[in-house]
Amino acid sequence: MPSPQLLIIWHSRTGTAEALAAAAAEGAGDVGLLKPACDVEPQDLLDASGYLFACPENLASMSGQMKEMFDRCYYPVLGKIEGRPYASIIAAGSDGEGAQRQLDRIAKGWRLKRVADPFIVVTEAQSQAEIEARKEVHRGDIDDAKTLGEALAQGIELGIF
């Protein structure tokens with residue numbers, strides 16, 4: 001039987017979701033596998049014991065590349081990953097709730113089990129220049145993402161989830 005694995009799937013436009021996903025992967029240690037959404041294949045999902053999805057909210061939805069990963073992988077794994085744990089990180093300019101709802105609806109269709117509260121980092125970027133700029137992520141948010149990755153990895157390794 002393969003070793004337990006936390007698949008950390010991410011997409012980022014301006015660095016926030018990427019930095020948070022990398023921090024979670026650091027916290028997860030050897031159990032974590034960090035993979036860009038554009039490179040995720042159905043077999044990656046089948047091979048994983050649990051998931052952390054990290055992406056920005058764009059226009060009240062998850063980013064297009066994250067959505068495309070779900071579109072590409074949804075049916076090939078449907079009915080094959082039920083009950084596995086998941087958590088999410090959303091980077092947003094204002095509230096992140098639209099992307100979070102969209103992600104949760106997809107996870108519900110896969111019958112995944114949320115094991116951590118949604119983690120939404122609000123950058124408060126509102127102007128075009130602020131939105132398009134590379135973001136500096138607060139140390140506290142990085143630390144929280146690292147703790148989330150560690151907790152998910154430990155829960156998977158111990159069979160708690």
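1. **Ground rules.** This is a predicted model, in which local features need pLDDT of at least 70 and side-chain atom pairs count only at pLDDT 80 or more, while totals for chains, interfaces and linings use all residues. Residues are numbered from 1 along each chain as its sequence is written, and side-chain values use heavy atoms, with hydrogens and water left out.

2. **The largest pocket.** The volume of the largest pocket is about 450 Å³. Of the 20 residues lining it, Glu57, Asn58, Ala92, Gly93 and Ile131 are the closest to its centre. (On a 1 Å grid over the protein atoms alone, a pocket is an open set of points where a 1.4 Å probe fits, with protein on both sides within 12 Å along at least five of seven lines; lining residues have an atom within 4 Å of a point. The volume is the space filled by probe spheres set on the points, which are joined across faces, edges and corners.)

3. **What the lining is made of.** Two or more lining residues come from each of α1 (16-28), β3 (50-58), β5 (85-92) and α5 (128-132). (Helices, H or I of at least four residues, and strands, E of at least two, are DSSP runs numbered from the N terminus.) Strand β3 gives the largest share, three residues. By type, the lining of the largest pocket divides into eight nonpolar, eight polar and four charged residues. (Ala, Val, Leu, Ile, Met, Phe, Trp, Tyr, Cys and Pro count as nonpolar, Asp, Glu, Lys and Arg as charged, and the others, Gly among them, as polar.)

4. **The nonpolar cores.** The largest nonpolar core has 26 residues, and Leu45, Phe53 and Met69 have the most contacts inside it. At least two core residues are supplied by each of β1 (6-10), β3, α3 (64-77), β5 and α4 (97-109), and α3 gives the most, with six. Another core, of 24 residues, lies apart from it and includes Leu6, Val31, Leu52 and Ala87. (A nonpolar core is a set of buried Ala, Val, Leu, Ile, Met, Phe, Trp, Tyr and Cys residues joined through side-chain atoms within 4.5 Å; buried means under 20% relative accessible area, exposed over 50% and partly exposed in between, with a 1.4 Å probe and protein chains only.)

5. **Aromatic rings.** There are six aromatic pairs in the structure. Tyr51 and Phe53 are stacked, 6.0 Å centre to centre with 15° between the planes, and both are buried. Phe70 and Trp110 form a tilted pair, with ring centres 5.5 Å apart and planes at 55°. Phe70 belongs to helix α3 and Trp110 to the loop between α4 and β6 (113-114), so this pair ties together parts that are 40 residues apart in sequence. Phe70 is buried at a relative accessible area of 3%, and Trp110 is buried at 1%. (Rings of Phe, Tyr and Trp, its six-membered ring, pair if their centres lie within 6.5 Å; planes under 30 degrees apart count as stacked, over 60 as edge-to-face and the rest as tilted.)

6. **Two loop residues to look at.** Leu59, in the loop between β3 and β4 (61-62), has a positive phi of about 55° although it is not a glycine. Leu59 counts as exposed, at 85% relative accessibility. Glu124, in the loop between β7 (119-122) and α5, has a positive phi of about 65° and is not a glycine either. Glu124 is exposed, at 61% relative accessibility. Leaving out residues up to four places away in sequence, Glu124 touches Ala92, Gly93 and Glu130 (contact means heavy atoms within 4.5 Å).
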